[in-house]
Amino acid sequence: MEKLQKYGFIFMLALIFILYLVSSTELIFSDDADHEIYNISVIIDDTTDSTWQNYKKGMEQAAMDYNVDVSFITLYSEQNASEQLDFIKREAQADAEAIVLAAVDSVEISSGLKTFNTLPPLVVIGTEIESEKVNVSILSNGRELGEKLGNLIVEDLKKEDTKVP
């Protein structure tokens, strides 16, 4: 009887060990769909990412949601458009599937982009660059933003019966 209990105990341990191995290698709980991971490079116009923290957090969340590997690249020296062009070239050669650029100098970047034969889709944020290589520009209208903010301040002051100078 002891021998039977001993074999039963060894059998149960072996079964637990096999189940652990199968579940840890995802043979049972595997996701059948292979998800393609997209490589996107973001090149900013500063040496630190301190002013880009909220943007970066949004990118990281989007990266998790849409299977994207985001490379966030800062400059080594301030206001260096040639360095940005070098980063664009490097990321294009590293098979980035898209590049997001916050350009330091739109004129220098525009002339530098002419030297590239092929580029992945290029999205420019913050400034407009006149180039065939730019696929999308995301801009804000500072004048319109200022007017709306000023109007809101005037409305608030009128509600408080404060004289507007």
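# Questions on a five-stranded parallel sheet

Q: In what order do the strands of the open sheet stand?
A: The sheet is open, has 5 strands and shows parallel pairing, where two strands pair if DSSP finds at least two bridges between them. Helices (H or I, at least four residues) and strands (E, at least two) are DSSP runs, numbered from the N terminus. The order is β2-β1-β3-β4-β5.

Q: Which are the edge strands?
A: An edge strand pairs on one side only. The edge strands are β2 (68-73) and β5 (136-138).

Q: What kind of model is this, and how are its residues numbered?
A: This is a predicted model, in which local features need pLDDT of at least 70 and side-chain atom pairs count only at pLDDT 80 or more, while totals for chains, interfaces and linings use all residues. Side-chain values use heavy atoms, with hydrogens and water left out, and residues are numbered from 1 along each chain as its sequence is written.

Q: What pattern does the chain follow along the sequence?
A: The chain holds 5 helices and 5 strands. Read along the sequence, they follow the pattern α-β-α-β-α-β-α-β-β-α.

Q: Which residue of β5 stands opposite Val124?
A: Strand β4 (residues 122-125) is joined to β5 by 3 bridges, and the two run parallel. Within this pairing Ile125 stands opposite Ile138, while the residue opposite Val124 is Ser137.

Q: Which residue stands opposite Val124 on the β3 side?
A: β3 and β4 also pair in the parallel sense, over 3 bridges. The residue opposite Val124 here is Leu101.

Q: Are the β4 residues Leu122, Val123, Val124 and Ile125 buried or exposed?
A: In a regular strand the side chains alternate between the two faces of the sheet. In β4, Leu122 and Val124 point one way, and Val123 and Ile125 point the other way. Buried means under 20% relative accessible area, exposed over 50%, and partly exposed in between (1.4 Å probe, protein chains only). By that scale, all of these residues are buried.

Q: What is the handedness of the β-α-β unit made by β3, α4 and β4?
A: The unit runs from β3 through helix α4 (residues 106-113) to β4. A crossover is right-handed if, with the strands pointing away from the viewer, the path from the first strand over the helix to the second runs clockwise. This unit is right-handed.

Q: At what angle do the axes of α3 and α4 cross?
A: Contact between the helices (heavy atoms within 4.5 Å) involves Ala81, Ser82, Gln84, Leu85 and Ile88 in α3, which meet Glu108, Ile109, Gly112 and Leu113 in α4. Axes are lines fitted to C-alpha atoms, for helices over the stretch in contact, and angles run from 0 to 180 degrees between N-to-C directions. The two axes come within 9 Å and cross at roughly 40°.

Q: Where does Asn67 lie, and what is its phi?
A: Most residues other than glycine have a negative phi. Asn67 lies in the loop between α2 and β2, and counts as partly exposed because its relative accessibility is 29%. Its phi is positive, near 55°.

Q: What is the phi of Gln79?
A: Gln79 is placed in the loop between β2 and α3 (81-93), and counts as exposed because its relative accessibility is 56%. Its phi is also a positive value in a residue other than glycine, near 50°.
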